[in-house]
Structures are given as structure tokens and as C-alpha cells.
Amino acid sequence: MATTGALEQGTAAQWTRRHLLGLRELSADDLRLILQTAESFREVSLRPIKKVPALRGKTVVNLFFEPSTRTRTSFELAAKRLSADIVNIAAAGSSLSKGETVLDTVRNLEALKVDLLVIRHAAAGVPHALAKRISASVINAGDGAHEHPTQALLDLFTIQEKKGRIAGLKVSIIGDIAHSRVARSNIWGLTKLGAQVTVCGPPSLLPRHIEQLGVRVVYRLDEAIRDADVLMLLRIQHERQEAVLVPSLREYRLTYGVDQARLAHAKPEVLIMHPGPVNRGVELDSRVADGPYSVILDQVTNGLAVRMAVLYLVAGAPKLDEAEG
Amino acid sequence: MTEPAYHEKAKVLDADGIRRALTRIAHEILEHNKGTAGVALVGIRTRGALLAQRLAQAIEAIDQRPVQVGILDITLYRDDVSRATPQPVVRATEIPFDVTDQDVVLVDDVLFTGRTIRAALNALNDLGRPRTIQLAVLVDRGHRELPIRADYAGKNIPTSRRERVQVRLREVDEAEEVVIEAPAADPAASTPGGR
């Protein structure tokens, strides 16, 4: 204020985006700015009074067309700790079950003057389509098998926290890559920040041409575990599989499940990550999920700080109707 | 978005001046609080935090007892957040002690409108309930918009609202001085060095 000028060394980027739709369209500087902002927000949740007035008077709507506990709660607490007002709408109890279109639902919410819309939908691209048609800011909380940007951001944040860096690390993403929006967002984020990404799973669960995203493809679990600094396990998504793509969960566990015996070949300080919810005994053995290398609960804690950062940054971007500022 | 050109109008403190001002403030804090017991310094990012660190060293040199020091980031408490786009960068608050029942001395470089201090008071309240909150600034330049005053001021400088006061500290600025700068277009500033 009084002293302007050459302040704040070390911050290259400024945030000017109205929406957070995916990591594909973000630059490495954008990613670093979010992670740095999240780092500052972490302290707020350690205070006796876990609240700051930064978004006072802003209204956030959680619009979830798919079930969610973790992400919805995380966004809700993030908004509350920033002093925003938040409303939760689940598809089951809304007019969508009466046949209203998504766009009509959202236009009605807009007529109520909401500022930010956090949306999850089973169809890829819904947040992007809405963002073009409404004046509120849109945050993608998962769209089909496309992107889940805040999950990938909290994964990046957790890796940065535990390993001190992201560039140069070897990260293996293991499991149902084809149906995973978490995998896709993580591939964008990790490669932009200089990590080497390997994907691993049965051929039926690996999308064709995935290597065009700049990742290495392996089919044997031991190859994915060897040399990896981070193992990111994905959930076998029963609800997203129309056809039977793996013979049985038992067979999947035997071939791709990570247990202590498999980890014997891993690097000594390997990180075990999982976006949750974990199918214990399928993709991840309980002793590994609860073991010393698991950072699964740190991911959840960090998710709150990351979502506070995203809400804060997106809320500050200029709106369409007041673009002049 | 090009910054209007400013030029230096007057140097009001040099390195020695800053050092002497801080030493005097350190003595005043000790005198006012009758020692260091229960006293904690909380600097407002960025330059207030550096000044708090220096004040703590000065107090320790006088009283031979350490003083607690914390750093406050007031970005989230600003009253112009929704008006300032894009959002200012948030940095961490680092106060490694409980402020409740402490005599907290807020430290900032320049006292101007008072809005930064208003934000800092709100932020401190969320962290606990200090016994007293006092305010130390290196420079008081006037033009208050809120009922706020400094308990300890290094120097009072009469300024015009259109001028700006630059505090440069060697830790971040490769210089150690306080200068007044006037906008180049300002006809009143056409005589450099004058008032």
C-alpha cells in the first residue's frame, strides 16, 4: 500500500483465469502459483479459529451430479474457512430428477447470483460447456473420465511436500487409466512440472495412444515399481465399467495389486498415493495403505489447502459483465 | 498498465538514520513495557517482518533477553481483495507462539491510510487475545483514513498523497534508505530536493 514498487520477489505468475476446468490448459507457472498459494493456506487450518475473511460475501454452489464424500466435503470446508457461503446440491434431490437440463439448473442458480460453481458430472466436458454460457466462475470437480484438476493439484502438492521437488521424479500411475480423470489430470500436471510419468495396467484398461501424452507405458507391475519415486494407485471403478474389462477382482489383485511383497523391489523412500476411496485388498493391500510410505491421509489434508487456494484465486479473476474492473 | 514515472524527491533516512531510529524505538518499547516479559514483536510482511527481526536484535542487545518474533501476512484480511484483480499473492503467517495475554507490538515500515493496520488487528484477533496491541512504524507519512495511530514512530514525514514513500532494506532491496518519490507529471515536484 504505502510502499509499492519492487516487492514480492520470486513470484512470476499472476492468476487471471475465471475458471479452473483442467490442468491441460494451465502453464507450469500457473501450477506453481496454485501450489505456493496452497502452502500459505495450510496454516489457516492449524489455528484455533480456522477461518479468514478473504471470500466474505461470495456464494459458492457445490453442484454434484455424481456421488462424492471427500471432494464435496473438502470444497465445502475450504469455502467455509474462507468465509464464503456455500450451498450443496446433489442431483438425486434436485429438479434434475424431474427432467430439467443441466444448463437450466445452472441458469437458475445464476439468477440467484452465485459467484462460484463447483461442478461434478459423469459426462466429460460439461464444466467447459457451462463455463462458456454463464457469468459465474466454474471449477471442475471431476467430469467423466476427462479431468479432476483439484485432485491432481493436491497430489502435486503432496509430492512437493514430501520429496521437496517434482522435476526429475519418476512417478508411476497404476490401474484403470482408461476410466480415470485423476490419471489424466495428473499426467498433464506432472509432465508440465518436469516429472517422468509411467502408466501401468492391463491392456484393456490402458487407452490407446496414451503415450502421446508423453508417458511411458508398461504392462508389468514390477517394471512400474522398480525405480519409481512415487506410486499412484487408482481405484478399480466398478461404476464406470460397462463391459467386463478385467476377468475378476481377484485376478486383478494377483497381477496388479500392490502388497508388501511387491514393494520389496521398490526404492526405499517410495511414496504410496491413492485418490480414494481405496478398495482394500484389490489395488492396494491394507498393510501398504496403512504403512509408513503411505501418504493417503496427507493427500486429504492437503486437498483442503489446495481447494482454498483455487477458490481464492478463481474468485479474484474479473467477471464477464465487469471485465473493465 | 504502465507505472507512471516517479523520481526521487528527497532522502529522509539513510542507513545510519534507520539504525538510530530502530535503536530509539527498541528503547521506547522496553521503557513502555518495563522490560521484555510478555512482549512479542509481530512484523507485517514483507518489510515489517524484517524490521521486527532487527528490533528484536536491538532489544536483546539492550536487555540481554530474547524477544519472541512472528510474521503476519494480512492479504486475506484486506478490504480491497474483491476490488483488486487479480488476487494478491498470499504468503504464510508464521507466529510460533500464542499471542493470548501477550503485549504484541505490530511492526510495519510505513503508516499511511491505516488500512493495513486495521487488517492486521483483525488477523491478530483471530489468532488469540493479546493483552495489548501496540504499533511501531519506521515512517509515519500521515493521511490516515481510520482512527489509528503509532505508539512508536521512527520519523514523521509530511507528504502529499500523490507521492510515495519507499523504504528500502538491504535484505531485499540492495539499498538501505527511506526516500520520498514524486510522480514525474506532478508540477509541484519539478524542483527535485525541494519540499
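Analyst: Here are some questions and answers on two chains of this model, which is predicted.

User: What makes the radius of gyration of chain A agree with that of a compact globule?

Analyst: Set the value against the rule. The rule takes 2.2 Å times the number of residues to the power 0.38. With 325 residues, a compact globule would come out near 20 Å, and chain A has 20 Å, so the two agree. Along the principal axes, the C-alpha atoms of chain A fill a box of roughly 55 × 55 × 40 Å.

User: Which domains does chain A have, and how far apart are the centres?

Analyst: The domain assignment gives domain 1 (28-147 + 302-318) and domain 2 (149-301) of chain A. Their centres, taken over C-alpha atoms, are separated by 26 Å.

User: How do you know which residues of domain 1 of chain A are in contact with domain 2 of chain A?

Analyst: The test is C-beta atoms within 7 Å. By that test, 20 residues of domain 1 of chain A are in contact with 23 residues of domain 2 of chain A. On the domain 1 side, α1 (28-41), β4 (137-143) and α11 (296-315) of chain A each give two or more residues. α11(A) gives the most, with six residues. By class, that side of domain 1 of chain A has ten nonpolar, six polar and four charged residues.

User: Why are β1 and β7 of chain B said to stand at the edges?

Analyst: Look at the order of the strands. The open sheet runs β1-β8-β7 in chain B, with antiparallel pairing. β1 (6-13) and β7 (164-168) of chain B each have a single partner strand, so one side of each is left without a neighbour in the sheet. The twist averages 30° from one strand to the next.

User: What makes β1(B) and β8 of chain B a pair?

Analyst: A pair needs at least two bridges. Six bridges join β1(B) to β8 (residues 177-183) of chain B, and the strands run antiparallel.

User: How do α1(B) and α2(B) cross, and which residues meet?

Analyst: The crossing of α1(B) past α2(B) is right-handed. Helix α1 (residues 15-33) and helix α2 (residues 47-63) of chain B pack at about 65°, with axes 9 Å apart. Residues that meet include Leu22(B) and Ile29(B) in α1(B), and Leu55(B) and Ile59(B) in α2(B). The contact has nine nonpolar, two polar and two charged residues.

Methods. Residues numbered from 1 in each chain as written. Chains lettered and ligands numbered in written order. Predicted model: local features only at pLDDT ≥ 70, side-chain atom pairs only at ≥ 80, totals over all residues. Axes fitted to C-alpha atoms, helices over the stretch in contact; angles between N-to-C directions. Helix = DSSP H or I, 4+ residues; strand = E, 2+ residues; numbered from the N terminus. Left-handed = near helix turned anticlockwise from the far one by under 90°. Contact = placed C-beta atoms within 7 Å. Nonpolar A, V, L, I, M, F, W, Y, C, P; charged D, E, K, R; others polar. Domains from an automatic or database assignment.
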